[in-house]
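Subject: Structure handover

Hello,

Here is the structure we talked about. Please open it first, then read my notes beside it.

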Amino acid sequence: MTYLHGMLGNPGQHAFLNALANNGWSVTAPSLPGFTGSSEPRGLRNLHDWVVAASELIDLAGVTGHPVIASSVGAMIALELATIRPEAFDAMVLIAPFGLWDPQDPVADPFATTLSNQRRMLTADPTASASFFDDLEEMPADLLVEHGVDRYLTRSASAQLIWPIPEFGISERLHLVKNPVTLVHGAKDAIIPASYLNKWEQILPNVVGVHRVEEAGHQAEFDRPEDIAAIATSALS
Amino acid sequence: MWVDIDPALYDPEVGNRIYNEYLDELEFAADCGFDAVGVNEHHSNGYGLMPSPNIIAAALSRNCPDTNIVVLGDSVALYNPPLRVAEEIAMLDAITGGRMVAGFPVGSPMDTIFAYGQNPATIRERYHEGVDLIRQAWTRDEVFSFNGKYNKLRYVNVWPRPVQQPHPPIWIPGGGSVDTWDWCAQEDLVYCYLSYFGYKAGLKTMQGFWKKVQETGKEANPFQGGFAQFIAVADTEKEAWDLYREPAEYFFNTCLHVYAGFADPPGYKTPNTVRAGVEGMVERAAREATARAEAKKSSAGGGYPKGLSFEEMVEKGYVILGNPTQVAEQVHELATTMHIGHLMTFCHFGNMNKDLVRYNTEMYATKVMPEVCDLFEDEYEDLWWPQPLAQPALRDVPEVSAS
């Protein structure tokens with residue numbers, strides 16, 4: 001399967017990806033442009049460019065047509081790609097996708113806040129995002145600096161994707177998504193309100209499963225890696 | 001105080017009074033003999049009320065015929081298309097007969113990213129493209145097409161054109177980005193460090209800029225540098241301490257409250273600035289505001305936290321204070337240590353009333369400025385100063401006949 005990461009970037013060796021592997025999956029986890037060690041997203045000027053980049057990425061990785069689990073900003077891109085290229089993915093598991101906007105219950109602003117508060121918004125348990133936010137004690141000084149730059153660029157890439165309001169008209173295109181979709185939403189998601197789970201369920205044409213996961217935040221796979229891996233395994237097998 | 005200030009706090013009648021006082025103060029400064037008066041741009045801001053500097057510049061343009069006007073400046077990325085800036089500065093240059101300086105800031109994160117919804121990851125690219133468009137619009141002698149990433153214009157043809165040729169001097173207000181140093185050095189633009197925190201804290205930033213100038217092999221002409229400084233001058237030092245204490249403490253401890261979450265949106269800084277570990281002016285303001293808020297929390301029930309004292313502000317150089325001789329000495333120190341040829345003085349800060357603003361302004365203009373105004377002029381040519389027409393048209397409205 002393919003994992004398209006969210007705002008926390010590609011975690012590399014991580015409990016969630018390990019859990020998927022332990023369930024028998026071979027997981028391809030590419031970094032979207034600008035995130036976690038990839039090059040800066042120069043030349044990408046709008047969401048269309050990002051979707052084209054993702055399309056090229058899965059082709060180059062040889063995972064076109066594979067099942068996908070996508071999270072947060074990655075889920076938004078996966079959905080956009082599925083609207084114009086249905087064969088890009090097989091079944092989809094989407095964790096708290098961006099893309100809808102309800103003025104009565106708006107998505108929280110994850111950028112008008114301090115770094116420590118943003119950390120608290122991304123996972124229910126702040127320690128769950130240690131791989132992204134924390135420096136390793138044994139890191140030499142020069143790598144510490146670059147780790148900080150990398151973290152900044154990853155946060156910048158998220159901002160480029162969803163600033164200032166993460167709504168780009170996808171609701172007008174979602175009827176084109178024929179893939180079976182399983183929706184996952186952390187019950188403690190501090191960015192995307194709980195009501196959006198129902199909105200996605202109503203608007204997507206082929207929802208086959210809906211999971212509200214307790215004790216999980218926006219990036220539920222970081223808070224509950226084994227449980228989300230189990231949901232994905234069940235949905236995509 | 002910025003971005004999410006409660007709209008209910010705005011009083012339209014006070015607004016009417018305040019804008020007229022601002023204009024009175026600027027016109028008075030011009031009458032006092034300042035080389036220029038300056039206006040800037042902020043949005044959703046409780047202490048500045050200056051969303052459109054060009055409107056204020058227009059209001060000044062005919063009432064201040066003997067001074068220059070520094071728009072410092074138009075936040076280029078916020079104008080769609082930025083040609084609007086090219087047109088308006090050209091209009092002002094035409095009205096004033098060539099007395100304009102065009103300042104182009106990226107703009108603070110509060111103004112650009114939060115109040116105006118610009119994308120932090122792309123604003124600098126958008127800004128540079130906008131400045132490029134404006135410069136081309138002022139200098140090319142043909143109708144041309146501009147196919148930018150953010151601006152696509154089939155026909156670029158700015159009317160009017162600036163009086164000053166090829167264009168008014170361009171000053172770049174910066175807040176500490178190392179890439180802005182590079183750019184100003186390469187492009188021969190004036191780098192202005194508009195700091196809230198005075199010349200002692202600003203020295204490192206200006207040294208960074210001059211190092212870049214030297215690396216390009218160019219002369220470190222002090223007139224390519226600018227700096228903004230709070231000034232508090234009175235007949236005696238004691239009088240200065242008495243007069244300016246409350247306004248300074250009010251500004252730094254109340255007005256300059258920037259929520260830390262608005263200070264550093266991801267993408268606003270360049271990777272080089274992140275890598276260099278340079279703290280921007282807004283970040284510093286937010287850090288100090290957060291420290292004050294935390295001190296307030298920890299002192300709950302134990303007395304009101306004072307924030308930074310006026311003595312500390314003066315000691316740290318946030319405010320240059322004293323009698324005219326003392327202020328002149330400090331301004332001289334500022335100019336020579338930072339190698340600054342253009343000094344922007346904040347003669348109005350905090351809750352100063354208009355009488356005190358006038359006093360501070362007149363004292364500086366008449367008793368301090370003569371002591372420092374010719375610094376560097378023997379050694380360097382100011383290549384970044386307005387060049388007005390020799391015989392500009394002026395206001396010429398006949399009296400209305402009684403009949």
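First, the ground rules. This is a predicted model, in which local features need pLDDT of at least 70, side-chain atom pairs count only at pLDDT 80 or more, and totals for chains, interfaces and linings use all residues. Residues are numbered from 1 along each chain as its sequence is written, while chains are lettered from A and ligands numbered from 1 in the order in which they are written.

**Chain A**

Chain A has nine helices and five strands. Helices (H or I, at least four residues) and strands (E, at least two) are DSSP runs, numbered from the N terminus. From that end, the order is β-α-α-β-α-β-α-α-α-β-α-β-α-α.

Why does the radius of gyration of chain A agree with a compact globule? With 237 residues, such a globule would come near 18 Å, and chain A has 16 Å. This radius is taken over C-alpha atoms, and the globule rule is 2.2 Å times the number of residues to the power 0.38. The C-alpha atoms fill a box of roughly 50 × 40 × 40 Å along the principal axes.

Of the 237 residues of chain A, 48% count as buried. A residue is buried if 20 or more other C-beta atoms lie within 10 Å of its own, exposed if 12 or fewer, and partly exposed in between; C-beta atoms are placed from the backbone. Take contacts next: two residues are in contact if their C-beta atoms, placed from the backbone, lie within 7 Å. Among contacts in chain A with a separation of 6 or more, 74% are between residues 24 or more positions apart.

Now look at strand β3 (residues 89-95) of chain A. Six of its seven residues are buried. Strand β2 (residues 66-71) of chain A runs parallel to β3(A), joined by five bridges. Two strands pair if DSSP finds at least two bridges between them. A:S71 stands opposite A:I95 in β3(A).

**Chain B**

Chain B has 13 helices and ten strands. Its 403 residues would give a compact globule a radius of gyration near 22 Å; chain B has 21 Å, which agrees. The C-alpha trace spans about 70 × 60 × 50 Å along its principal axes. Of the 403 residues, 47% count as buried.

The domain assignment gives domain 1 (1-168) and domain 2 (215-379) of chain B. Such bounds come from an automatic or database domain assignment. The C-alpha centres of these two domains lie 23 Å apart. Their contact takes 22 residues from domain 1 of chain B and 21 residues from domain 2 of chain B. On the domain 1 side, α1(B) gives the largest share, six residues. By class, that side has 15 nonpolar, three polar and four charged residues. Here Ala, Val, Leu, Ile, Met, Phe, Trp, Tyr, Cys and Pro count as nonpolar, Asp, Glu, Lys and Arg as charged, and the others, Gly among them, as polar.

Strand β8 (residues 225-233) and β9(B) pair in the parallel sense over four bridges. B:F230 stands opposite B:V319 in β9(B). From strand β9 (residues 319-322) of chain B, B:V319 and B:L321 point one way and B:I320 and B:G322 the other way, and all are buried.

**The cores**

A nonpolar core is a set of buried Ala, Val, Leu, Ile, Met, Phe, Trp, Tyr and Cys residues joined through C-beta atoms within 7 Å. The largest one has 108 residues, and B:V258 and B:V319 are among those with the most contacts inside it. Helix α5(B) gives the largest share, seven residues. Where does this core lie? Both domains of chain B give residues to this core, so it lies between them. A second, separate core has 76 residues, including A:L17 and A:V63.

**Where the chains meet**

16 residues of chain B are in contact with 18 residues of chain A. Helix α9 (residues 271-276) of chain B gives the most to the chain B side, with three residues. That side has nine nonpolar, five polar and two charged residues.

Is B:K218 buried or partly exposed? B:K218 has 13 C-beta neighbours inside 10 Å, so this residue counts as partly exposed. B:K218 and B:Q186 are 32 residues apart in sequence, and 9.0 Å apart in space, C-alpha to C-alpha.

Best wishes
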